[in-house]
Amino acid sequence: MNLSNLSYVALSVALLAQPLLAEELTPKPAGDAAPMMVVDRSTFVSVVSSANEFEIKSSELALQNASSGDLKEAAKMIIADHQKAGEKLKGILDKKGAPLPFPIVLSPKHQKMLDQLQAANGKDFDTLYLDMQVQAHLEAIALFRTYAGSGDDQTVVGFAKETLPSLETHLSHVKMVVAKQ
């Protein structure tokens, strides 16, 4: 068999295999989709506690150090909403006999971010704070969506679903402040 005949055979096999591959790649209906990851209540509460505390502490720094009035207004909203969410989660967990640890300890990642903010000033502070808020809220939204869709404690799932719109509002607000900068 010469090279051109071998090429025709290879092409024929590839063309015949295409319909078989297409059948295997047919997407499943959305209802069959499994969550990308599953987060249990303990992990959710631990991550949320640190993230919530970071949002409050970093925003308190923004009230002291930010040069932009818009940024300070965003910080006030974030503080108020995250304090409210933290109290709500604390109440839910207290009723379940699984209270939040006190004081809340920031994860190493959140502590490092807070340390960076404390060292910044002026426009550098504003830029860093806004970048961190976008990052933190994107992560929080992903976590809350995941838990709302696959959580193992329905009361905490309800909390995640109820809190999610507030997180999305924060992200939108921070992005608007970024756009004005």
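Is Y147 buried or exposed at 0% relative accessibility? Y147 counts as buried, because its relative accessibility is 0%; buried means under 20% relative accessible area and exposed over 50%, with partly exposed in between (1.4 Å probe, protein chains only).

A note for every view: this is a predicted model, where local features need pLDDT of at least 70, side-chain atom pairs count only at pLDDT 80 or more, and totals for chains, interfaces and linings use all residues. Residues are numbered from 1 along each chain as its sequence is written, and side-chain values use heavy atoms, with hydrogens and water left out.

**View A. The rings of F44 and Y147 are stacked.** The structure holds 4 aromatic pairs, meaning Phe, Tyr or Trp rings (for Trp, the six-membered one) with centres within 6.5 Å; planes under 30 degrees apart are stacked, over 60 edge-to-face, and the rest tilted. Here the F44 and Y147 ring centres sit 4.4 Å apart with planes at 20°, so this pair goes down as stacked. It ties together distant parts of the chain, since F44 belongs to helix α2 and Y147 to helix α5, 103 residues apart; helices are DSSP runs (H or I, at least four residues) numbered from the N terminus. F44 is buried too, because its relative accessibility is 0%. Ring pairs also join F44, F144, Y147 and F159 into a cluster.

**View C. The largest nonpolar core has 43 residues.** Such a core is a set of buried Ala, Val, Leu, Ile, Met, Phe, Trp, Tyr and Cys residues joined through side-chain atoms within 4.5 Å. F44, F125, Y129 and F144 have the most contacts inside it. Two or more residues come from each of α2 (41–65), α3, α4, α5 and α6 (154–180), and α5 gives the largest share, 12 residues.

**View D. H110 lies in helix α4 (residues 108–119).** H110 counts as buried, because its relative accessibility is 8%. Leaving out residues up to four places away in sequence, H110 touches S50, A51 and F54, where contact means heavy atoms within 4.5 Å.
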